[in-house]
Amino acid sequence: MRAALLIVDMQEMLVPLVWRGEELAARLAGLARRARENGVPVIALRQIGAPGTDFDPASPGTRVSALLGLEPVDLVIDKTATDSFYRTGLAGLLVDRGVDTVVLTGLATDYCVDATARAAQSHGLDVVLVADGHAPSADGDPTAGLTAEQVIARHNLLLSTAIHPGGRVRVVPSAEVEFTGS
C-alpha cells in the first residue's frame with residue numbers, strides 16, 4: 001500500500017461551522033504528523049469560487065485552517081467542485097507518486113468527503129475513510145432529521161458498503177490508521 005492523506009476543505013471559515021470543528025482539526029493535525037513521520041504525503045484540498053463569493057480565493061476565510069499545522073512539504077490543491085478530483089490534477093499527482101490508497105478526512109461529510117470518496121474509487125483508488133476524521137455542519141441535516149453524529153454514522157456505513165468496480169472503502173478510527181509500510 002502506498003498512501004496519501006487527503007484533508008478536504010478544512011478552511012478558516014468552515015471549521016467554526018461544522019460539528020466539533022476545532023476538535024476535528026486537532027485530530028487531523030495529529031494524523032498529518034503521523035503521515036509525515038512515515039513518509040506519506042499530506043494533501044489539503046481547498047474549496048474556492050469566483051471573486052466576490054464566499055469562496056473567493058483571495059478571502060482569508062478560504063485559507064486552510066492554521067489548526068492543521070501544515071508544513072511547507074505539504075501540498076494544497078484548489079478545487080471548485082465537491083469532487084476533489086474534478087479538474088484539479090489530484091489524480092495525476094497521486095499516480096505520479098505511486099499512491100494506490102487515500103486516507104480521507106475533512107469537510108463536509110455529506111458533500112465533499114462523500115463525493116471525494118466515490119471519485120477516488122472511480123479512479124481505482126482504495127479509500128481509508130477515517131471514521132472520526134470528517135464532519136458535517138454543526139446542526140447535522142435538519143431536513144432529513146439527522147443529527148451530526150447520525151450523518152457521520154450514515155456516511156461511514158453507506159460508503160463502506162457501496163458496491164463499486166474501482167477501489168474499496170474501509171472505515172477506520174483515527175487511532176487505528178496505520179501509515180507504516182506506505
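# Exercises: helix packing, cores and backbone

Leaving out residues up to four places away in sequence, Ala120 touches Phe85, Val102, Leu125 and Val127. The model is predicted. Work each exercise with the structure open.

## Exercise 1. Ala120

Solution. 
- Start with the element. Ala120 belongs to helix α3.
- Next, take the accessibility. Buried means under 20% relative accessible area.
- Then list the partners. Phe85, Val102, Leu125 and Val127 are in contact with Ala120, its neighbours within four places in sequence aside.

## Exercise 2. Thr116 and Thr82

Task: find which residues Thr116 contacts, then work out how Thr82 is classed by accessibility.

Solution. 
- Thr116 sits in helix α3.
- Thr116 has 1% relative accessibility, and therefore counts as buried.
- Its contacts, neighbours within four places in sequence set aside, are Leu6, Val8, Thr82, Asp83, Ser84, Phe85 and Leu104.
- Now turn to Thr82. This residue is in the loop between β3 and α2.
- Thr82 is at 38% relative accessibility, so Thr82 is partly exposed.
- Check the pair from the other end. Thr82 touches Gln47, Tyr111, Cys112, Ala115 and Thr116, not counting residues up to four places away in sequence.
- Thr82 and Pro57 are 25 residues apart in sequence, and their C-alpha atoms are 16 Å apart.

## Exercise 3. Helices α3 and α4

Task: work out how α3 is oriented relative to α4, and list which residues meet.

Solution. 
- Locate the helices. α3 spans residues 109–122 and α4 spans residues 148–161.
- Read the geometry. Their axes come within 11 Å and cross at roughly 15 degrees.
- Classify the angle. That crossing makes α3 roughly parallel to α4, because angles under 35 degrees count as roughly parallel.
- The crossing of α3 and α4 is right-handed.
- List the contact. From α3 come Thr109, Asp110, Asp114, Ala117 and Arg118; from α4 come Val151, Ile152, His155 and Leu159.
- Sort by class. The contact of α3 with α4 holds 4 nonpolar, 2 polar and 3 charged residues.

## Exercise 4. The nonpolar cores

Task: in the largest nonpolar core, find which residues touch the most other members, and which element gives the largest share.

Solution. 
- Count the members. The largest nonpolar core has 27 residues.
- Leu5, Ile7, Met10, Val103 and Leu107 touch the most other members.
- Trace the elements. Two or more residues come from each of β1 (3–8), α1 (21–37), β2 (42–47), β4 (101–107) and β5 (126–135).
- Zoom in on Met10. Outside four places in sequence, Met10 touches Val15, Gly21, Leu24, Ala25, Leu28, Leu45, Arg63, Val64, Ser65, Leu68, Gly106 and Leu107.
- A second, separate core has 23 residues, including Val8, Ala91, Val113 and Leu125.

## Exercise 5. Gly21

Task: state where Gly21 is placed, and what Gly21 contacts.

Solution. 
- Gly21 is in helix α1.
- Its relative accessible area is 4%, so Gly21 is buried.
- With neighbours within four places in sequence left aside, Gly21 contacts Met10 and Val15.
- Gly21 and Ala135 are 114 residues apart in sequence, yet 7.5 Å apart from C-alpha to C-alpha.

## Exercise 6. Backbone checks

Task: is the peptide bond from Leu107 to Ala108 cis or trans? Then find where Arg20 and Arg87 lie.

Solution. 
- The Leu107 to Ala108 peptide bond is cis, with omega near -25 degrees.
- Ala108 is in the loop between β4 and α3.
- Arg20 has phi near 50 degrees, positive in a residue other than glycine. Arg20 lies in the loop between β1 and α1.
- Arg20 has a relative accessible area of 47%, so Arg20 is partly exposed.
- Arg87 has phi near 55 degrees, again positive in a residue other than glycine. Its loop runs between β3 (75–79) and α2 (90–96).
- Exposed means over 50%. Arg87 is at 73% relative accessibility, so Arg87 is exposed.

How values were computed
Residues numbered from 1 in each chain as written. Predicted model: local features only at pLDDT ≥ 70, side-chain atom pairs only at ≥ 80, totals over all residues. Heavy atoms only, no water. Axes fitted to C-alpha atoms, helices over the stretch in contact; angles between N-to-C directions. Helix = DSSP H or I, 4+ residues; strand = E, 2+ residues; numbered from the N terminus. Parallel < 35°, antiparallel > 145°, perpendicular 65-115°, else oblique. Left-handed = near helix turned anticlockwise from the far one by under 90°. Contact = heavy atoms within 4.5 Å. Nonpolar A, V, L, I, M, F, W, Y, C, P; charged D, E, K, R; others polar. Core = buried A, V, L, I, M, F, W, Y, C linked by side-chain atoms within 4.5 Å. Buried < 20%, exposed > 50% of the residue type's maximum accessible area, 1.4 Å probe, protein only.
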